[in-house]
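Please read them alongside the sequence and the coordinates.

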Amino acid sequence: MKEADRAWLDLDYKPKLPKNRSMGIAIIGAGEIVASCHLPAYRMGGLNVVGIFDLDKQRAQSLATAFGLSRAYGTLEELLEDPDVKVVDIAIPAKAQPDIARLAARAGKHILCQKPLAETYAEAAAIERACREHGVKGAVNQQMRWSPGIRASHTIMQRGWLGEPLQATISVNVKQEFANWGWLREMPTLEVMYHSIHYLDSIRFLFGTPEYIYADGARFPGQQTVGETRTMLHLKFPGEARALIHDNHNHIAGEEDWHATFRFEGTQGIIKGTNGSLYNYPIGREDTLQFHSKLIHRDYWFTPQLHGKWFPDAFLGTMGELLRAIEEEREPENSVADNLETMQLVFAAYRSMQENRPVTLQEIAQEETDSLC
Ligand SMILES: NC(=O)c1ccc[n+]([C@@H]2O[C@H](COP(=O)([O-])OP(=O)(O)OC[C@H]3O[C@@H](n4cnc5c(N)ncnc54)[C@H](O)[C@@H]3O)[C@@H](O)[C@H]2O)c1
């Protein structure tokens, strides 16, 4: 195939970076996700991480040494007063995030928050208000949108190759022990809040905002955590589009039977693929993707090879988008304001589980608006 003929098949899924990569970033939290994803991704993208802070000074110091960062701050104030820091990357448990996000915004720093944004909708909305009040950009590290399979699916859908989008299905059946994170053990809201939140955000990215969610959550006999570890989520969009997320984190047999698949269907096409990061745990593998579109060929399935993984490559997508938004003086695609709709879905899912009924996003948003009046 000639180069020009092949260009239209480029699915444009790789994270994009700012022209100026020297903007100073400081990280709050030196835990597992920073060591395994934030720092390796930023190093891959040549970003300028100037320092790190953690309540556990030892952890901050050892990551500063491992990644050649010039500063392991002794206090949060020291980090926030550092004029070299333009962006604060927050990666601590959600309970502590709202206060730190507000302090960083007040100090005039742009912020990248970890998911979930907060443990209550009111706190999540308060982070959005703080960013507006202090004129800083706020983004959320909801990075599955930049995983190769989901980004490539977005390109395919944007080109209209699925026709009218009708059905999204994400199905996951793996063994992953949430109890390995001590602070997750007692969390009453677990799987949706900490894992399927990625699927909710990715489906919203591809299909738009749903009207309502109908959710069920269950536990596995003898599990070490308090919250739900098996969920079934049904989303209804305006018109005929629907989505289904089915996640079980308690697979009882060997890895050869695990699966983590996605499938997006429309009137003219189908995309199907696997989410590589959930296979071959903890190393992962590259995503796979196949698509068929009647608008291109009657019965051909394209199988483009995707490079890169959700963990850690997609972490360059979220930070890259925030840095580009700062450079281009626009709102980031993964803004805190945008993420509030993902949070509405999460809190609507839990209300749906409690009350056994579909819950609209509007119901969650309206309560917050009413509480401010
Ligand atoms: N985006 C993703 O896909 C993804 C994946 C895993 C974890 N996470 C999120 O990242 C965050 C951290 O997860 P982790 O796996 O690194 O946890 P972890 O337990 O390994 O590390 C958390 C770190 O935060 C530090 N910390 C806690 N409160 C602090 C505070 N007030 N100030 C400074 N440091 C503080 C702790 O000392 C610890 O070192 C969580 O919010 C989690 O939900 C996101």
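1. A residue is called buried here if 20 or more other C-beta atoms lie within 10 Å of its own, exposed if 12 or fewer do, and partly exposed in between, with C-beta atoms placed from the backbone. On that definition, buried residues make up 45% of the 373 residues in the protein.

2. The model is a predicted one, in which local features need pLDDT of at least 70 and side-chain atom pairs count only at pLDDT 80 or more, while totals for chains, interfaces and linings use all residues. Residue numbers start from 1 along each chain as its sequence is written.

3. The protein has 11 helices and 15 strands, these being DSSP runs numbered from the N terminus (helices H or I, at least four residues; strands E, at least two).

4. An open sheet is formed by six strands in the order E3-E2-E1-E4-E5-E6, with parallel pairing, where two strands pair if DSSP finds at least two bridges between them. Strand E3 (71-72) and strand E6 (138-140) stand at the edges with a single partner strand each, so one side of each is left without a neighbour in the sheet.

5. Within this sheet, strand E1 (residues 24-28) pairs with strand E2 (residues 48-53) in the parallel sense over five bridges, and Phe-53 in E2 is the bridge partner of Ile-28.

6. The C-alpha trace of the protein spans about 60 × 55 × 45 Å along its principal axes.
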